[in-house]
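The sequence and the structure come next.

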Amino acid sequence: MKILYWNIRGVANSPSRLALKRLVVNNNPDFVFIAEPWMNFSDLPRGWLARMGLKMFGSNDRGQRQSNLWCFCKDSVNPIIISSNDQQVSFSFSDNNKSFCMAAIYASNDYIKRRDLWKCLSDLQQQFRQPWCFIGDFNTILGAHEHRGNAIPARAPIEDFQNWTDSNYLLHLSTSGATFTWSNGRGGSRHTERRLDRTICNQDWVDACTSMNCSTLVRTTSDHYPLLLDCNTHDLSFKASFKFMKMWSLHEGCHAVIADSWKENVIGCPMFILSTKLKRLKEKLRRWNKDIFGNVHSYVNEAEQDLSNIQAQLQTSGHTDSLRSLERIAQSNLAKALIRQEEFWKEKARLNWQLEGDRNTSFFHRITKIKNSKKLISSLKNNNEVITDQNQLADHVVDYFKNVFCTNTVLQDQLLVEEVIPSLIDDNVNTLLTLIPSRDEIKNAVFSLNKDSAPGPDGYGAFFYQKYWEIIHDDVVKAVLQFFTTGWIMPNFNSNTLILIPKTNNADSIDQFRPIAMANFKFKIISKVLADRGVRQGDPLSPLLFCLAEEVLSRGIAKLVSDGSMDLIKGSRNSLVPSHCLYADDIMVFCRGKLSCIQALKSLFIRYANCSGQIINAAKSTIYSGGITPSRLNIIVNNIGFNVGSFPFNYLGVPIFKGKPKATFFYPIADKIKNKLSAWKASLLSIAGRVQLVKSVIQSMTIYSISIYSWPSSILKSIEAWIRNFIWSGNIDQRKLVTVAWKKICAPFDEGGLGLRSLKVLNAAANLKLCWDLMHSDEDWAKILRNRVMRKGKAINHHVNSSIWSSVKQEVQVILDNSCWRVGNGSDNGLLTLKIAYDFKRPHAPFLPWAKSIWSKDIPPTRSLLVWRVMLDKVPTDDKLIERGCNLPSMCSLYVNLHFSSMTDIWQVAENWSPQCKVVINAALVHILYAIWIARNKVRFKMRSLAGDLQCHGFLLIFPWLPPLSNWVKCNTDGASTNASSACGGLFRNSNADFLYGFAENPCISSAFVAELCGAMNAIEIAASKNWNNLWLETDSTLVVLAFKSSLLVPWDLSNRWRSCLLLTQSMNFIVSHIFREGNF
């Protein structure tokens, strides 16, 4: 299923129609949406649509105005319009026997009018609970990271857009191709680009599609790029390669399968023996997985059903020792099944921050589904054409990499290497490399590699080798020793799987994918042994083994400087800016803008390309100038062929700019963080899972830029507010009432916190560390800036236009006041680390003995977090909610008598036990408190019995309904309210509990207290009308009872009616009383 959307900006002219026709013919879409056609549909040439196999099925409803959104589809498709207004057309359709809903969007330029669109789309999603997809021109962006230009994007439209997507748990599909889908076509500083066109879907759409790809197509006559959404709803079948799964190791039979297979004899050389045993084990594990291990998801369902059946017997037949024993076994089996399932989804999701001990299976499943649906390369650009056929795609990719890796390029100018690289390898280094490794050296190499790394073509990763080392170690050691003794490696022993990783989020052509080779782990061991022998970065062999080509270029530039062919930029006070710096495959060159310098660089680049085969990509290279006239800059550009860049710009995710840091420079980073805190993620994660997401992902997004610049406090405050709300409520805009203070959360575990880092404190600590480095480091940047801003160890007072100095200058006096020289023994290096700086800057709290007791890898973090809240008295109990202004009906709760003078005394139970017993006792205490809370919630919200849930000595208070005296009438009233509606009601009964009368009404009031009041007033008025002069009014609202004593509690708009009801009670025998919620029936 393919969907084409294009804001064409006029289809009346022939070039636009020809461009649209070409897009339709080349991509064969099932649906085509055209925005801004600028003409009446009836004026289109007859037969134009029919010749493309399309028909019109709808357009947006703009009343008397001309439609500006046309909807076409293939003749074989029969969509049904379900809604249409001036900004959208929504319809339903079927594909592969599945029902879908889609909306074509052309949003208004006015963000006030767009609010009507957001509400309409939200209502449609509530009305039609199906897979939804929204595609089109939304005329707004998600944040500053989707905007390029001098103007600052308005925040209100951005927040409206974010709120709509978050409130409906929607996902924004990444778009390959153009980063920004619209530009205003202006030049110079007035040029603006934005990502206005996009595709958004709900989670049901992701589940229904096996693959999804949204890409931009070639833009011709419009200022918008066309969008092509390619979704596959049919099952995709690929031959799955073998991979050893970690979850297999959780089964008791896996070890035996491996051990038995490994014992079987194989004849041959060590490398052949190891490879053959691994290949033979592969087939046995496949059979064992199918016959014994089984489907992990079915195993969970069966274990859950078994437990449910046993618990049903306990409810009907009562408790017996045998049933309780069966229940414990069933619970254990379910726990094992859930652990296996969670391990399965963790491995599929491949997230590095996964939460140990906490089940977030739904989240891992969702991440896996999203990754799998997007990782399929369904289209690639080849020049101006888009390839979508899978066979043509395969041929195109293979041909490209054959040309890259298999072409025998004739390299020239081999003398460049000899000119710039001196002889570095001596006999000692050569002897070191050829030593025969010991068994311990090989074992250390195996266990030092990442156990979670991806396996090579044979399917066995580091986890397998480390987990079953005692079984396979002998054959592994012999295979490695064979390489070092013979210098020979068996064919295919070092096989690799080539994986294509997109260089950018919007990669749409094969040259924008980076090939990554995943080698067999058995070969990685040999590489690791060599690396552990000293071949590291900085060692003599490092340039030859890791970055030989870059080293030639680096030394070539240095030689230009030493020969006087390239002049360096003057720094400050006799210091010069370094000639260049390298990062991965990027190089930054700093030199004066003399034509002779540029010509020398160009000549070096040409010689380097002839020598190495690596050509400088001029289209991706940029010149940033300072103090050069435009005419001179044009001459340089024409000479070297690079693009011209301007400040500010981003490099490695960090903004580069001149002068003092401003909020506008950091909005793109802040908005990216905000988008990471999606409501759909929060809905699938526990609070502990959200904490881990923030700790491992969100805070790492800011660490680079926050370590360089002093961020504006307003942005840091906003980000911390988003994080706080995301953790507690799952919604960045919604605060929870009963929460722990942010500064407490950011404290270490032993001080009662969650170990998060405050971004404000982290920024201040990073500035302190950067200032320390400025004052004491011998690196080039520090020397240049120090010579500029320091005089005799003190900071200058006048202004310097520096983005770094403006961030750290206030820390100079702090360092001078808090540091001193000390003669030591050489064990301390005198460096200020970020950890030390953060500890210096953060507020300190008293050590809490219980704090570390509740956190352990043996205790699920979700349960530890609840107990942490209990210990801090931050659990949302009724009394806590009432303290914060919530009007709640009083009701019976669960009372448990714990014989301790305070909660902190609980943890002293394990004080005198061994470390192993302490873990068990603390875990038991955490689980008991967790079980009490769960039982309380079942009683409080679900009116559930505690049978089978909690067995402890305590008190459960029950309040029965009491009948009135003879000749009296009793009325029980109640009221409730939500954001959408409210209601009140009451029941009249006599002394025999016979029903006399009942009432219920909707007072259209959004306050629970007012609804309760209305119920009480109705009861009095009805009793007076029926001449029931002996009235007992009973309610579960304490505030209503208090209102009879003080009319000040009654809202002003009800005061007249309330006074009338009080006059009625004076003419009758009247009693009002309070009853807990359980007895109010």
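## What counts as a salt bridge

A salt bridge is a side-chain nitrogen of Lys or Arg within 4 Å of a carboxyl oxygen of Asp or Glu. The model is predicted, and the structure holds 27 salt bridges.

Lys-769 and Asp-773 form a salt bridge, with the closest N and O atoms 2.8 Å apart. Both residues lie in helix H26 (residues 759-776), where four residues, about one turn of the helix, separate them.

Lys-769 has a relative accessible area of 26%, so this residue is partly exposed. Asp-773 counts as buried because its relative accessibility is 17%, and buried means under 20%.

Asp-30 and Lys-74 meet through their side chains in a salt bridge of 3.7 Å, N to O. The pair links distant parts of the chain, 44 residues apart: Asp-30 is in the loop between helix H1 (14-27) and strand S2 (31-35), and Lys-74 is in strand S4 (residues 69-74). Asp-30 and Lys-74 are both buried.

A salt bridge also joins the side chains of Asp-452 and Lys-246 (2.1 Å, N to O). Here the partners are 206 residues apart, with Asp-452 in the loop between helix H13 (439-448) and helix H14 (462-467), and Lys-246 in the loop between strand S16 (227-232) and helix H5 (254-263). Asp-452 counts as partly exposed at 30% relative accessibility, whereas Lys-246, at 14%, counts as buried.

## A network

Salt bridges also link Arg-9, Glu-36 and Asp-223 in a network.

Technical notes. Residues numbered from 1 in each chain as written. Predicted model: local features only at pLDDT ≥ 70, side-chain atom pairs only at ≥ 80, totals over all residues. Heavy atoms only, no water. Helix = DSSP H or I, 4+ residues; strand = E, 2+ residues; numbered from the N terminus. Buried < 20%, exposed > 50% of the residue type's maximum accessible area, 1.4 Å probe, protein only.
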